[in-house]
Amino acid sequence: MTTLGRLVLVWLVCAGLASCATVPAGPDPQIERDAIAARMLADIEVLASDEFGGRKPGTPGGEKTISYIIERMQAIGLQSGTNDPGSAWRAPVELLTSKPLDHTITVRTSNGAGQLPLDKSAAFSLSSRVLIDGVEVVFIGDGSRQIPDTEITGRIVVMLDSIGDPAAADAIFTSNPAAVLRVVPDEAVLGKLRTFYSRERLLLADAAPDNLNAIVTAQAFADALPEGEWDRLTASASQTDFRFEVLEATIAIDVHSERREFTSSNVIGQISGQLPGSGAVLLLAHWDHFGECAPGTPDPICNGAVDNASGVALMLELAARLKAQGPFDRDIYFLATSAEEAGLLGAKSFVDAPSIPLDSIVAAFNFDSVAVAPAGGSVGFVGEGRTALDAVVQEAVRASGVELGNREFAESFLRRHDGWALLEAGVPSVLLSTAFSSEIVLGPYLATDYHRPSDETEGLQMGGAVDDLLLHEALVIRTASTAAYPASDIPASQ
Ligand SMILES: [Zn+2]
């Protein structure tokens with residue numbers, strides 16, 4: 001570390017902290033690091049306790065988590081960052097889950113009507129009930145041919161799916177069929193798809209597709225058609241000039257599901273800047289985890305101490321330190337997101353209804369699973385080369401006396417963290433952490449505790465978490481200053 005770097009660090013850790021005044025020679029950096037680690041660990045211990053139930057959105061543990069983060073933000077002296085007088089601190093995230101209950105599929109041909117055996121067929125929809133009846137049926141072979149939308153829209157599309165690929169019908173659904181009925185080789189492939197569609201999924205209510213997916217084994221479908229018809233169709237589909245064939249049959253599908261809609265929350269706090277209109281720096285960390293993930297076992301709760309109680313704790317500690325040193329030129333926002341584990345849903349919800357214009361955000365830093373590496377390690381840079389932040393990040397990393405980690409390894413997480421939802425929307429967003437520096441550092445955690453009940457507070461590596469905190473403190477102070485980080489790409493209207 002350079003002498004200048006050390007001076008800056010001493011100033012950073014000292015400013016606003018009463019304890020510094022009683023130590024005339026300046027604080028021992030190790031004592032200060034230990035104090036930071038202890039404060040973060042205190043938050044992690046609460047958030048990852050069994051009382052918080054694994055912080056699953058839509059559960060009492062999820063609610064406790066939201067309340068706790070709001071209380072902590074209030075105690076730190078932040079203001080609400082929702083910019084919605086009707087909903088302080090909480091920005092709603094509308095979610096739904098759906099669990100399949102039962103189904104029937106009836107095939108009508110010139111020979112009469114027959115119901116497909118329940119153990120050789122399946123049907124799934126996110127709605128509570130879907131009933132379609134008397135709908136025309138078009139057979140498209142394995143789905144590899146170009147077929148005009150007009151042949152698909154409003155019809156039941158029958159397609160061959162030899163391997164049970166959940167994504168096999170995605171392209172067809174863009175043409176709005178009434179349903180897609182996959183014909184699979186046997187009950188093993190049917191079982192694979194049934195498992196995929198039966199798992200409980202959390203989705204953004206606005207963005208949930210209303211696709212009706214039905215599946216049947218080849219034998220059961222052949223039995224429902226006139227003698228020899230299925231053999232004729234599959235033989236015809238193997239011809240090079242085959243495109244599609246409208247069947248002389250109609251199909252009725254009736255599906256029931258248990259659908260639950262509920263509102264979770266992103267929690268948003270802020271420190272107002274001194275220069276209105278100069279933009280904002282956004283810090284974010286997801287608060288959610290998997291809840292009770294191993295029911296019926298002695299340790300049923302996925303507590304998510306590393307993932308991501310540690311990231312929330314870092315964000316809160318950084319908020320307290322910035323509050324003590326600020327205000328800065330720009331606003332600083334603190335966003336604790338819901339439903340990251342279900343597919344970055346809270347972050348996507350923020351992008352859909354941001355509490356500040358997205359183009360006013362000059363930098364976004366995400367904290368996810370930070371307590372993995374020991375102190376002094378190199379820094380994984382997820383999002384390198386994709387924003388205007390590269391230079392300022394490289395400088396801050398250099399000033400802290402370490403190096404950037406493995407670039408390819410960091411890149412492999414680009415789409416797997418909340419910052420991706422922001423980056424996709426054009427917000428300069430990165431994730432910097434000692435945890436993501438290399439396979440050697442993160443690999444053992446991924447192989448043992450990641451998304452398992454054993455992700456608990458024992459054995460957390462707070463050294464890397466403190467490194468991450470100090471690096472971001474320097475970065476936020478820099479990017480929140482209009483002189484140090486002009487960010488000339490902010491629209492003039494801001
Ligand atoms: Zn996770």
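## A zinc site and the helices around the chain

The zinc ion takes its protein donors from Asp 307 (OD), Glu 341 (OE), Glu 341 (OE) and His 451 (NE2), at 2.0 to 2.3 Å. This is a predicted model, in which local features need pLDDT of at least 70, side-chain atom pairs count only at pLDDT 80 or more, and totals for chains, interfaces and linings use all residues. Residues are numbered from 1 along each chain as its sequence is written, and side-chain values use heavy atoms, with hydrogens and water left out.

A donor here is an N, O or S atom within 2.8 Å of the metal (3.2 Å for Na, K and Ca); water is not among the atoms, so sites may look incomplete. What geometry do the four donor atoms of the zinc ion give? Their angles run from 58 to 146°, and the site is irregular. For that label, four donors count as tetrahedral if all angles lie between 85 and 135 degrees; four count as square planar and six as octahedral if opposite donors are over 155 degrees apart and all others between 65 and 115; anything else is irregular.

Read along the chain, the zinc donors have the spacing D-x33-E-x109-H. Asp 307 sits in helix H9 (residues 305–325) and His 451 in the loop between helix H14 (439–448) and helix H15 (462–479), so this pair ties together parts 144 residues apart in sequence. Helices (H or I, at least four residues) and strands (E, at least two) are DSSP runs, numbered from the N terminus. Buried or partly exposed? Asp 307 counts as buried at 3% relative accessibility, while His 451 counts as partly exposed at 27%. The cut-offs are under 20% relative accessible area for buried, over 50% for exposed, and partly exposed in between (1.4 Å probe, protein chains only).

### The chain overall

The chain has 15 helices and 17 strands. Its C-alpha trace spans about 95 × 55 × 45 Å along the principal axes. Of the 494 residues, 52% are buried. Take the contacts between residues at least 6 apart in sequence: 80% of them join residues at least 24 apart. Contact means heavy atoms within 4.5 Å.

### Two helix pairs

Two packed helices are described by the angle between their axes and the distance between the axes. The axes are lines fitted to C-alpha atoms, for helices over the stretch in contact, and angles run from 0 to 180 degrees between N-to-C directions.

Start with H9, the helix that holds Asp 307. The axes of H9 and helix H3 (residues 29–47) come within 8 Å and cross at roughly 130°, so the two helices are oblique to each other. The scheme calls angles under 35 degrees roughly parallel, over 145 roughly antiparallel, 65 to 115 roughly perpendicular and the rest oblique. The H3 and H9 crossing is right-handed; a crossing is left-handed if the near helix is turned anticlockwise from the far one by less than a right angle, and right-handed if clockwise. On the H3 side the contact includes Glu 32, Ile 36 and Arg 39, and on the H9 side Ala 305, Ala 309 and Ser 310 are among the residues.

Now for H15. Its axis and that of helix H11 (residues 390–399) come within 10 Å and cross at roughly 140°. That makes H11 oblique to H15. This crossing, too, is right-handed. Val 392, Val 393, Glu 395, Ala 396 and Val 397 of H11 meet Leu 471, Leu 475, Arg 478 and Thr 479 of H15.

The contacts below leave out residues up to four places away in sequence.

| Residue | Element | Relative accessible area | Touches |
|---|---|---|---|
| Thr 217 | strand E9 (residues 213–217) | 4% | Lys 120, Val 183, Val 184, Asp 186, Glu 187 and Leu 190 |
| Asn 213 | strand E9 | 7% | Ala 122, Ala 123, Phe 124, Ala 169, Phe 173, Val 180, Arg 182 and Tyr 197 |
| Ala 396 | helix H11 | 14% | Leu 471 and Leu 475 |
| His 472 | helix H15 | 0% | Leu 318, Phe 365, Phe 367 and Leu 432 |

How far apart in space are Asn 213 and Gly 380? They are 41 Å apart, C-alpha to C-alpha, and 167 residues apart in sequence. For Ala 396 and Ala 169, 227 residues apart along the chain, the C-alpha atoms are separated by 47 Å. His 472 and Pro 92 are 380 residues apart in sequence and 28 Å apart in space, again C-alpha to C-alpha.
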